[in-house]
Amino acid sequence: MKIRLPVLWGRPADVDYGAEQLTLSDILPKTGQTINVYFSEDDSPVYKESPYVLWKPPLTEMNCWSDHPSDILHSYIVTGQVKFLRQIPQDNEDATPLERMIEKKLEYELLITDVQPLLKLCDMVKSMSAELWQERYGSKTLSGLLQARNDNGTLFGYADDSDWDAVRWVGMASIGDYIYLNFSCYEAHYDLLLQQQGKQLFVHYFSADICGLIERYIAYKKLPSSENAGLKSLMARAVALKDSFGDYLLIDV
């Protein structure tokens, strides 16, 4: 399942996003709702696509999960039908504050047809047959990305231990049954959700930004031995990530 990540979601007019605490049900997109969504040109839906779009709570929407990892528990995959509206103009003196935040971005209207917790889909891909996953979600593996990058089934393409040693910083958090790993190396940035079975790691969510080439998938991939060992070496020296913003989100969903 290929995932799109917008620059910004439209804001409900009756919610004060400057409040000390937000209620999840007030801000979470809902099935049947039409909402405006803003994408970068590098990560926007293509013609006739019904995209799977990642929704994050507001603080990690603007930053990332590494700043507040518990937001992963309250992140969702929103499915819908999109209609292109316009490109936000650049250097427009009459632009609203919102438009200034997202100038040069593409605005779409999204009619929401489904909203599912991210971790629920990460669980489903493990238990669902490959054929049913393909039928429902259009992609059962990371095959498109892997074929474009190499022929040996690896995600990272690192040649030896020196590549893993080149990672200078790595953050990690335990999120339910998952391990969240965040690191950068060689002008590439990665966000991963992993599960460990014995000594073996499996990738359930893979996000990579490699020199502007953005790939983001939900999948179920057993890592080859070299990458299994490489990621475990990162985990052994990772910084423990903690929430930076306190209980800013009231969970009622």
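1. Aromatic pairs. In this predicted model, the structure contains twelve aromatic pairs. One of them joins tryptophan 55 and tyrosine 76, whose rings are 6.3 Å apart from centre to centre. The planes of tryptophan 55 and tyrosine 76 stand at 65° to each other, and the arrangement is edge-to-face.

2. Position of this pair in the chain. Tryptophan 55 belongs to strand β5 (residues 52-55), whereas tyrosine 76 belongs to strand β6 (residues 76-87). The two residues are 21 residues apart, and their pair links distant parts of the chain.

3. Burial of the two partners. Tryptophan 55 has a relative accessible area of 4% and is therefore buried, since the term applies under 20%. Tyrosine 76 likewise counts as buried, because its relative accessibility is 8%.

4. A further pair. Phenylalanine 156 and tryptophan 164 also form an aromatic pair, with ring centres 5.4 Å apart. Their planes meet at 70°, so this pair is edge-to-face; the angle required is over 60 degrees. Both phenylalanine 156 and tryptophan 164 are buried.

5. An aromatic cluster. Phe156 and Trp164 are members of one aromatic cluster, which also includes Phe183, Tyr190 and Phe206.

6. Charged residues over rings. Which residue lies over the face of tyrosine 17? Arginine 11 takes this position, at 4.6 Å from the ring centre. In the case of tryptophan 65, lysine 56 lies over the face of the ring, at 4.7 Å from its centre.

Definitions and conventions:
Residues are numbered from 1 along each chain as its sequence is written. This is a predicted model: local features need pLDDT of at least 70, side-chain atom pairs count only at pLDDT 80 or more; totals for chains, interfaces and linings use all residues. Side-chain values use heavy atoms; hydrogens and water are left out. Rings of Phe, Tyr and Trp (its six-membered ring) pair if their centres lie within 6.5 Å; planes under 30 degrees apart count as stacked, over 60 as edge-to-face and the rest as tilted. Helices (H or I, at least four residues) and strands (E, at least two) are DSSP runs, numbered from the N terminus. Buried means under 20% relative accessible area, exposed over 50%, partly exposed in between (1.4 Å probe, protein chains only). A charge sits over a ring if NZ of Lys or CZ of Arg is within 6 Å of the ring centre and within 35 degrees of the ring normal.
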